[in-house]
Amino acid sequence: MRTISELPLRGAGGEPISFARTVHSHGCAPLPPAILEPAPLVYKRSFRAAGRVIEVAMHERDGRLIVQTVSSPGAAAARIEAAIARMFRFDADLSQFYARIADDDDLGWAVRGAGRMLASPTVFEDVVKTICTTNCTWSATVRMTTALSELGGGAFPQPEELMAASDAWYRDVAKMGYRGAYVRELARAVASEELNLDALLDPRRFDDQAVEQSLLALPGVGPYAAAHVMQLLGRHRQLVLDSWTRPKYRRLAGMKRAKDSTIRRAFARYGEYAGLAFWLYLTRDWIEE
DNA sequence: CGTCCAGGTCTAC
DNA sequence: GGTAGACCTGGACGC
């Protein structure tokens, strides 16, 4: 293993970034081509860069993110570092959010660096994976994303590869069912440059509403998927409401029933961070502090 | 064996 | 605008 970079685990506002909380931030983070190894905590995943697939291992040491590779990354090193910056959202500033929740009984614990939603190197990957979480069990999501990574030779497949994959691959290998047509159409639109999903990352180019409308217009992306992807884009207003978050919220809040509008109202005081506050409230017990 | 539903979405009213 | 029904797949159930 060779160390190719050591990056300070600090956000744009100087706030701390918890490595453990970030790699455990949501269910998609450990999906293929990533692997999450516990004790010692190492987050591994493959990147396609400079025409080849490179395995990268990340761990935390003394407040820094240590990035290592098995083989020499060569010219791909800069691409890998840029992908990691995107994944950990080093450009995001959560310090105002932390100031807001510092004295909050429910969320005060999070100021030590929780709340960064680990993204994928591309928005395309985040959208495809999110579609693979819809209307199916988690084992099916794992099956689909495992097949995706195998198609990509160990990395997440390029849009071109997914566009060209056969019907048989979608049906018999990934077993994506009706989602296959959504993913292929999405891949075609991105490959043809008719659609630029990474443009949604720029906060100056699109406001939240424009991003939400763009996402909802994508095949297979509805309210749940749009809210989920927006969290990964660092747009934290929308709440991710689905068959996992709804009952989890009710259980934690001690409520028999709770309409979506009731849940939204309960988090409205967090303003543009309502969705993030909701998510942190639900995932506090994911790892012990 | 049939039915239901899982970290929903789409189409048609 | 809001609400049924269909939809790939495959576990988890009840009968």
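**View 1. The protein surface around DNA strand B in this predicted model.** Gly27, Gly222, Ala225, Ser243 and Trp244 come nearest, out of 20 residues around DNA strand B; a residue is near a strand if its C-beta atom, placed from the backbone, lies within 6 Å of it. Helix H10 (residues 223-232) gives the largest share of this surface, four residues. Helices (H or I, at least four residues) and strands (E, at least two) are DSSP runs, numbered from the N terminus. By type, the surface near DNA strand B holds nine nonpolar residues, 10 polar and one charged. Here Ala, Val, Leu, Ile, Met, Phe, Trp, Tyr, Cys and Pro count as nonpolar, Asp, Glu, Lys and Arg as charged, and the others, Gly among them, as polar.

A word on reading these views: residues are numbered from 1 along each chain as its sequence is written, while chains are lettered from A and ligands numbered from 1 in the order in which they are written. The model is predicted, and local features need pLDDT of at least 70, side-chain atom pairs count only at pLDDT 80 or more, and totals for chains, interfaces and linings use all residues.

**View 2. The surroundings of DNA strand C.** Among the residues surrounding DNA strand C are Asn135, Arg171, Lys175 and Tyr178. This surface divides into three nonpolar, four polar and two charged residues.

**View 3. Two cis peptide bonds.** Pro32 and Pro33 are joined by a cis bond with omega about 5°, and Pro33 sits in the loop between helix H1 (19-23) and strand E2 (34-37). Ala39 to Pro40 is also cis, with omega near 0°.
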